[in-house]
Every structure is written in structure tokens, then in C-alpha cells.
Amino acid sequence: MSLLLQAGWTAPEGALHGTTSWLQAVVDGLCELSSRDALTGLNNRRQFEAAIAREVDRVARIGEPALLLLADIDHFKRVNDTHGHAAGDVVIRAVAECLQDCVRPMDLVARVGGEEFAIILPNCPPAFGQAVSERIRQKVAAKTAVIVGGQPLSVTVSIGGAFAPPWVRSSAALWSERADQQLYRAKSEGRNRTCLDMPPLTVVSAEEKGLLFAGLTQSDLTEPSGSGDPMPKTTE
Amino acid sequence: MMESMTAPAPQATTTTTRLARTVAITSGKGGVGKTFFSANLAAALTRQGMKVLVLDADLGLANLDVVLNLYPKITLHDVFTGKAELEEAILPAPGGFSVLLAGSGLVEYSRLTPEVRDQLSTIFEAVKPRFDVILIDTGAGISDVVLYAVSMAQEVIVVATPEPTSMTDAYATIKVLASQQSREQLHLVVNQVTRQGDGRAICNQLQQVVERFVQGANGSFPKLSFLGDIPLDPSVRDAVQKRQLLLELHPGSAAAQGVVQVATRLQARG
């Protein structure tokens, strides 16, 4: 009870202590509490794991593209060491708020580690993946978290992402691992950047087109010339 | 006459586990004669002694019925909605093969919902033991329905024409199938060629670009198996307009011979 009250829970109006409706409200409150991250109010790791498992199932069945982004605050240890842990908490809250503001209501933002966040974007076509992750990165970089003492401080995030393979019964672990590899890449390539594991390209580049027609000029193909064998005539 | 009297008993009575060879026919670009080719290939394979079914998987905008001049009362749509049994929807087509028609304009199936997907695969599994070859005629483009229909088949024939747009789309299709479905080999048929040898040249050209730019899921590039070209032939237009099979209307035409050769090569590479 003290946990609930501390989290700002209040009994619904008219629900007397000990009645069924009061008990239901307590259960609801506890469920809510167990799915939230205490510092940021985002979904916590438990909630994220349930959501990603559901999403893997959904993508396998419906074949819609879904994107998983992992965002990690750059040089967070430096913030803590230089400005103290209270400042670190303010930064984490500011980033959390920023991430939540950047996405659609259907997307799920979760805090999955100390300074690490995950975003599940259902029905996100690969063509938009880069745009959305880049927008998130820029918003975070542009946001200033005001820390105790009035000193303005801003941070950046590195983002790694991967698309779930449609119609394939994959696993949350494999999907997360691919996103995690991209996050590692973003970090090692200098931070404050986004790296996505794109699904296989379906685009034909100008270079490919050029090579496709390199040996065959159209006049070769469409105008029978003396050099080629003429097609046999219709026998009828 | 003697042949039919001494012919062995139907395979179904001797072997129950043999499943049909399944071949998807796709093109990327529409209007390359894909459905026309599917129907005539089915007729050619039937003449070579195969028991053939053509499954019309062009669910959004099917026109196998138009090519074959069939106006079925029962289509896949009725099977999907439970109004008819699968048996009733398998129809005899003019060339001696069987067809399972989608019926035109089934807009509700132009998107691959889980229901469409499950129904397609259920139907597919049910017909597999009953034929030697199943040809899946897919729609144009590389939409999810097309890709799913192709994914059901063991083999793929990509149909292209010498037109640059068709070649580009055929290439895009090959690229997608190699990377998303890990296809290691794809058959190629070039339709509407104006000179003998053009089909082979186009195949070589495609193979060259594939080797340079396409990487399958297993790291190697897919091999194109050239099945032949079909010449641009006025008798094709005639057959299409009369809604008859080219192989029946103009069996001696260059295009018909091209289709027969494709069927022979396909059999040889089975």
C-alpha cells in the first residue's frame, strides 16, 4: 500500500476501503506500478519484454514491417561523474520525455537499462525507419536538460535499430540482438548517430541499371539488323 | 489408342506420398504475357504427359479466366468464404490441364491478411498430392501477396521481355527473391524477342549484374537458368484476342514452339 501511495495512487471516489471496487483499484494500481519505470514513468523492462514478444508474433502472422530501436545516452558516465547522480537522473528524465514526444501513440517506449531505452514501432515501413530514428536523435540533441544549479546541459544518443522479418517466426532475442549490434556500430562509429539493420534492398540503383543495359543497346534488341539471326517465320 | 490401353494405372493409386513440383511464375512488370505464358506452358506440359494445375494467385486482378475464356461459377473466392468445396473450384481448362481460378476483382484479397495467407497455403497443401506440376500464376509487381505466393513454390520462373522497364523489374524481382527467400536458382524466360539469341543475351546480362550486386542470404549470388525465349509473333495476339490457347490455335507458330521448348527444358531440369 505504501508503494502505491508513494507513487501517487489514490482510491477512486466512492470506493470504500475493503470493498471489491477498492480492491480492484488496488490491483490495477499495482499492475500499473509493476509495468512502469519509477524514474521516468516509461514502460519498464518487464513491460518491454512482454510487448516485444507480442510484436514478434504479430509480425510473423501479419507480415507488417516493425522496427525496434535501441537508444543509449552518449557519455552518460561523464554526466554522473561531473555533475552528480541527481543531474544524471534529470538527464534521463529529459531524454525519456523527448523519446515519448517523438513517436506515435501506438509505439512503445521503454527504459530497459540505466541509460538505455527501447522503442518498438509497429507497422513502420523500412523506407521511414531511417527518418524516424534520425528525427529522434536530432530531437534529443536539440533538447536542453536544465540541471540542478541552473546549469544547462544537453546530451546526445546513439541509436541502433533492426526490422523484424515479416512472416518469419523469429524470436525477441534475435531481433534485439540485431538492434544491439547496430547500437554498438553507432557507438563505435563516433556516437550521436543512428545505424539501422535494413531489410534486404529492393531498389535498383542507377549503377545497376547502367550495367543491366551496358552490353545491350536497345536498337540491338528491338530492331533486327543484318548482324543477328532473324527469328524463324511463323509457319502458318 | 494402344498407348491409352497399355498406360500404367494413375500414380495416385501406386504412390500416395509424391507431391507436385511447384513452380511460381512471376515477372515484376505487368503486361509481359505472364498469364498467357502460364496457360500455354501448362498446355505444353500436359502434352508431355504431366498432370498440371494452374493456380491463379493474382488475387487482386486475376485474368487467367479471360485468357482461357472460362467463366466459372465457382472460384477461389467461394472456397475462401466457405460457399464451395475445393473440389468444385478445380476446373478443367481447354488444354487438358486443371485450373483454380481466383475470379477477377477480388479487391479484398489484394492485401495479404493472415486469413488469405492461411487459406492459400491450406488450399495449396491440399492440391499438392494430386498433380505432377502446379504452376502458380502470380500478379504483377513485388507486393506481399505476390511474394507470399512465390514463397509457396519450390521453383520460380521469371518472365521478362527485352523492354528496359521489364528487364529492370525482372532484375528487381530476382534481387528480392534472392535476398528475402534465399533463392539460389531462378528460371528465366524471355518473351516477345525479335531475334533468336536475344533471350540468352538478356539472361547473360542479368546474370552479370546479379553476380555483381545481388547477394543471397547464404552469401552467394543466385544462378539464372535460362529456359528459352518466345519470339514476338502475331499469332500470339490472334490467340489472345480469340481467347484460345496458342498451342491449340496455332500449334506450329514460332511462339508456340518457343513455349514447348521452355516446357521441355523445364522438365529436363526437374
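How many helices and strands does the secondary structure of chain A come to? The count for chain A is 9 helices and 7 strands. Helices (H or I, at least four residues) and strands (E, at least two) are DSSP runs, numbered from the N terminus. This is a predicted model, in which local features need pLDDT of at least 70, side-chain atom pairs count only at pLDDT 80 or more, and totals for chains, interfaces and linings use all residues. Residues are numbered from 1 along each chain as its sequence is written, while chains are lettered from A and ligands numbered from 1 in the order in which they are written.

Start with confidence in chain A. pLDDT is the predictor's confidence in each residue, from 0 to 100. Chain A averages 84, and 85% of its residues score at least 70. Over residues 222-236 of chain A the pLDDT is below 50. That stretch still has 28 contacts in the model beyond near neighbours in sequence. Two residues are in contact if their C-beta atoms, placed from the backbone, lie within 7 Å. Where pLDDT is low, the predicted coordinates should not be read in detail.

Now the chain as a whole. Of the 236 residues of chain A, 30% count as buried. A residue is buried if 20 or more other C-beta atoms lie within 10 Å of its own, exposed if 12 or fewer, and partly exposed in between, with C-beta atoms placed from the backbone. Take the contacts in chain A between residues at least 6 apart in sequence: 66% of them join residues at least 24 apart.

Next, the sheet of chain A. It is open, has 5 strands in the order 2-3-1-6-7, and its pairing is mixed. Two strands pair if DSSP finds at least two bridges between them. At the edges are strand 2 (108-111) and strand 7 (194-197) of chain A, each pairing on one side only. Neighbouring strands are turned by 15° against each other on average, direction ignored. Strand 1 (residues 67-73) and strand 3 (residues 116-121) of chain A run antiparallel, joined by 6 bridges. Here A:L69 stands opposite A:I119.

Helix 6 (residues 126-142) of chain A lies across strand 1, strand 3, strand 6 (157-163) and strand 7 of chain A. Helix 6 runs at about 165° to strand 6 of chain A. Axes are lines fitted to C-alpha atoms, for helices over the stretch in contact, and angles run from 0 to 180 degrees between N-to-C directions. Helix 6 of chain A also packs with helix 5 (residues 85-102) of chain A, at an angle of about 140° and with axes 10 Å apart. Helix 5 contributes A:V95, A:C98, A:L99 and A:C102, and helix 6 contributes A:R135, A:I136, A:K139 and A:V140.

Chain B has its own sheet. This one is open, with 8 strands in the order 3-4-2-5-1-6-7-8 and mixed pairing. Strand 3 (90-92) and strand 8 (223-231) of chain B are the edge strands. The twist averages 25° from one strand to the next.

Look at strand 5 of chain B. Strand 2 (residues 52-56) and strand 5 (residues 133-137) of chain B pair in the parallel sense over 5 bridges. The bridge partner of B:V54 is B:L135. Strand 1 of chain B also runs parallel to strand 5, through 5 bridges, and B:I25 has B:D137 as its bridge partner. Strand 5 of chain B is largely enclosed by the rest of the structure, because 5 of its 5 residues are buried. B:V133, B:L135 and B:D137 point one way, and B:I134 and B:I136 the other way.

Helix 3 (residues 34-47) of chain B lies across strands including strand 1 (21-26), strand 2 and strand 5 of chain B, running at about 170° to strand 5. Helix 3 of chain B also packs with helix 13 (residues 254-268) of chain B, at about 65° and with axes 9 Å apart. Among the residues that meet are B:F37 and B:L41 in helix 3 and B:V259 and B:A263 in helix 13.

Finally, turn to a residue with partners in the other chain. A:L212 is found in helix 8 (residues 206-212) of chain A. A:L212 is buried, with 22 other C-beta atoms within 10 Å. Leaving aside its neighbours within four places in sequence, A:L212 is in contact with B:M167, B:T168, B:Y171, B:Q205 and B:V209.
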